Amino acid sequence: MSLELKEVEKKVGIETHIYSTNLKLEKNTINVLLGSTLAGKTTLMQIMAGLDKPTSGEIWFNGENVTGKEVQKRNCSMVYQQFINYPNFTVFDNIASPLKITGINSDEIKQRVGKVAELLKLSAMLNKKPDELSGGQQQRTALARALVKDSDLILLDEPLANLDFKLREELREELPKLFEDRDCIVVYATTEPLDALMIGGNTATLLEGNVVQYGKTLDVYNKPDNLTSAKVFSDPPMNIAEITKSGDNFKLVDNNVQWKSNVNIKDGNYKIGIRPHNITTYKEGSNSVEINGKVLISELSGSESLIHFTNGKLNWVSLSNGIQQRNIGEDTKLHMNVDEFLYFDQNNRLVNHG
Amino acid sequence: MNKTFNQKAWYFVIPVFVLVAFNAAVPLMTVVNYSFQETFGSNVFAWEGTRWFKEILHSERFHASLGRQAIFTFIILLIQLPLGIFIALTMPKKGWGVPVCLILMSMPLLIPWNVVGAMWNIFALPDIGFLGNSLNSIGFDYNFTQQSGDAWFTTVLMDVWHWTSLVVLLSYAGLNSIQPAYYQAAEIDGASRWDIFRYIELPKMKKVLTLAILLRFMDSFMIYTEPFVLTGGGPGNATNFLSLDLVKMALGQFDLGPAAAMSLIYFLIVLLICWIFYSLMMKNEART
C-alpha cells in the first residue's frame, strides 16, 4: 500500500496553491505535513483525499491512478481542526455513521463502535450528543469516526489546534499509539514543530506551496536539506547569520565572534543556523563560544527561559533551562554550542552539521 | 465597615419607567379599562365586569374570524418555510450572484405593506390586472372580489410573495454559518445530498428556523394592512381575519367594550402561543 503524488500542482485562478509536488507515502507510516498557515497543508490533504482535484499531475494509490476518483468511492477518513460531528446524533450514532452507510449489520457496528469508543475513552458518553461534550471529547468522537471504518488513508488536519493545552498534550501522546498496528497511511498536518517531533514517523516540511523536504522526522530535524526546511522545523525561530571561514577559523561577519571547528568545508562565506537551545546562559558541550548580547526581552516559563537579545545587527533568541532572570537592556554573556551549528552554503544548502 | 447608602442611582432608572409607561403600560391599561365597562359618550362609563369577555368567547363571529386566522397562518407557514429553505439552498454561496440574489430577495420586504396590498389588488383585478386577466384568458374563472376561494388564493399568494424572503434570508444566514468541513466530512462518509440536508443543514439551521417560525407566526397572525387593502375582508366575510374584524368592531361599530375585550383575548392568544413555542425551544436548547 502506498500513496504517491506525481507532479501534483494546484492553481486557483492565477494563484498557485501547490507547486509541482512529488511525494510517496508508504504503508503503516505516520506522515507529518509541517508548515505555517497557508503553506498548503490543507490543500494537499484535500487532494490526497479526493475532495479537491489537482490542476495537473496524478495521484496513485496502491498502483492505481485515482486522480479523478470521487471521495465517496475512496476509503479514507479525515479529522478537522474544528470538531466536526453530526450535531443531532448521539456519540454512538456519530461513530457508527460511516459504517451505517456501508450496510454492515448492526451487531458488528455495535461491536466495532464499542471497541473504538473504549480506545478513545468515550464508552461512558455513547448516548450523549456532541454539544454536551467537552472540546476534547468532541474531537475524540471525530477521531473515533475516522478510526471505526478501516480506512486506507487517515487524514488529520491540525486536529489538536483548537484544544486547550492540557488536552492537546494528552491526545498528542495517545495519537501515535492509536495508529500503531493499523494497516493504513496516516497524514497529520500541523504548524508546530513540536507536534512533528512527538509524533515521529516521517515529516514533510512545507513553505508557500512547496514541499521543501521529506524524510524521517528526526533526519529532517537533525539534517535539514536547506535553510528553508530548517526554518520551518524550528520553534522558537532559528538564529541565522553570515560567517566566513578560513582554515579552521570561523567568524561571524557582523562582529568579531570567532570559533574553531574541524567542520570539513572549503574556505569561504557561509550561513549558520543555530537553534535557540544551542545558545544558553551556561556552558554546554565541549566546544563553546561566548557571545555578548543586549537583552530585548526575557520570557520565563519556569522550566525554560527564552532570552531575546541583540548583538550588532543580529537579533537572536536563546533558550536555556531553568529560570534565567535577565533585565531588559542588560548586557549578558551567552554561550553557543559550536558542535550543533548548521552550516549552509550561499544557495542555502546544508553543507555539514556540527 | 460602615456601608454608605446612596439611592441616587434610582434616578437613572426613571427615564425607562416613564418611557415604558407611556408606550406600553398606559395604552394597555386603557384597553383593560374599556374592556370591563360600557362606554357612553361624554366620558360616561358603566361597570360591566367580565360580560364582554364572556360575550366574545361565546360569539360565533369571533370563532369564525379566529378560525380563518388560524387556517391562514397555518397555510402560509406550510408554504413559506419549505419554499424559503428550498430557495436558500439553491442560492449561490459566492461570486457575483450573492449580492444579486440578496437584493432581489430583500425587495419585497422593503415595500410598504399598504403598497403591497394595493399592488396585488390591481395585479389581480380580473378585468385589467395582469394576473387576473391572464388567468381568465387561459380559461380560469377567476375573480377575487367575488369568489371566496379566489380571494383566499390571492391573499395567500400575496403573503407568500411578500414574506417568503424573510425565511430565505434567515435560512441563508444559517446555511452560510456551516463550516465547509461539515460537508467534506459527510462526503467522506459517503452521505447523499438528502443525508447532508437532513443531518447537517437542517440541525444547523434549527435556531434560525425557530426564529423564522416565530416571526412568521406573529406577523401573519396579526396581519392587517395587506388584506385590508386587497380584499377588505371580503367577499362577505371570507377573508375577514382577526385584526380586520377587531377594527370593524372598534371603529366601524364603535363597540369599544367588546372590541377591547377582544383585543385582550387576541393579545393573550399570541402571547400564549409565542410563550409555549419559546419555552419548547429553550427546553430543547437546555437539553442538547
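This is a predicted model: local features need pLDDT of at least 70, side-chain atom pairs count only at pLDDT 80 or more; totals for chains, interfaces and linings use all residues.

Biologist: What makes B:Asp189 and A:Arg145 a salt bridge?

Modeller: The closest N and O atoms of B:Asp189 and A:Arg145 are 3.6 Å apart. The rule asks for a side-chain nitrogen of Lys or Arg within 4 Å of a carboxyl oxygen of Asp or Glu, so the pair qualifies. Across the interface of chain B and chain A, the rule finds one salt bridge. For polar contacts across that interface, the count is four residue pairs.

Biologist: Which helix gives the largest share of the side of chain B that touches chain A?

Modeller: That is H8(B), with eight residues. Helix H8 (180–189) and helix H9 (193–221) of chain B each supply at least two residues of this side. Its residues divide by class into nine nonpolar, four polar and five charged.

Biologist: How do you know what area is buried between chain B and chain A?

Modeller: The value is the accessible area that the two parts lose on being put together, summed over both. For chain B and chain A it comes to about 1900 Å², with 60% given by carbon and sulfur atoms. In terms of contacts, 18 residues of chain B meet 24 residues of chain A.

Biologist: Why is the pair of B:Trp113 and B:Trp163 called edge-to-face?

Modeller: The ring centres of B:Trp113 and B:Trp163 are 5.6 Å apart and the planes stand at 85°. Centres within 6.5 Å make a pair, and planes over 60 degrees apart count as edge-to-face, so both conditions hold. B:Trp113 lies in helix H5 (residues 113–124) of chain B and B:Trp163 in helix H7 (residues 148–176) of chain B, so the pair ties together parts 50 residues apart in sequence. Over all chains, the structure holds 23 aromatic pairs.

Biologist: What holds for domain 1 of chain A and domain 2 of chain A: how much area do they bury between them?

Modeller: The two domains of chain A, domain 1 (2–232) and domain 2 (239–353), bury about 830 Å² between them, 65% of it on carbon and sulfur atoms. A:Tyr221, A:Pro224 and A:Leu227 supply 55% of the area that domain 1 of chain A buries against domain 2 of chain A, more than any other three residues.

Biologist: How many salt bridges and how many polar contacts are found between these domains?

Modeller: The salt-bridge count is zero, while three residue pairs are in polar contact.

Definitions and conventions
Residues are numbered from 1 along each chain as its sequence is written. Chains are lettered from A and ligands numbered from 1 in the order in which they are written. Side-chain values use heavy atoms; hydrogens and water are left out. Domain bounds come from an automatic or database domain assignment. Buried area is the accessible area (1.4 Å probe) that two parts lose on being put together, summed over both. A polar contact is a pair of N or O atoms within 3.5 Å; within protein, one must be able to donate a hydrogen and the other to accept it, and residues adjacent in sequence count only if both atoms are side-chain atoms. Rings of Phe, Tyr and Trp (its six-membered ring) pair if their centres lie within 6.5 Å; planes under 30 degrees apart count as stacked, over 60 as edge-to-face and the rest as tilted. Helices (H or I, at least four residues) and strands (E, at least two) are DSSP runs, numbered from the N terminus. Contact means heavy atoms within 4.5 Å. Ala, Val, Leu, Ile, Met, Phe, Trp, Tyr, Cys and Pro count as nonpolar, Asp, Glu, Lys and Arg as charged, and the others, Gly among them, as polar.
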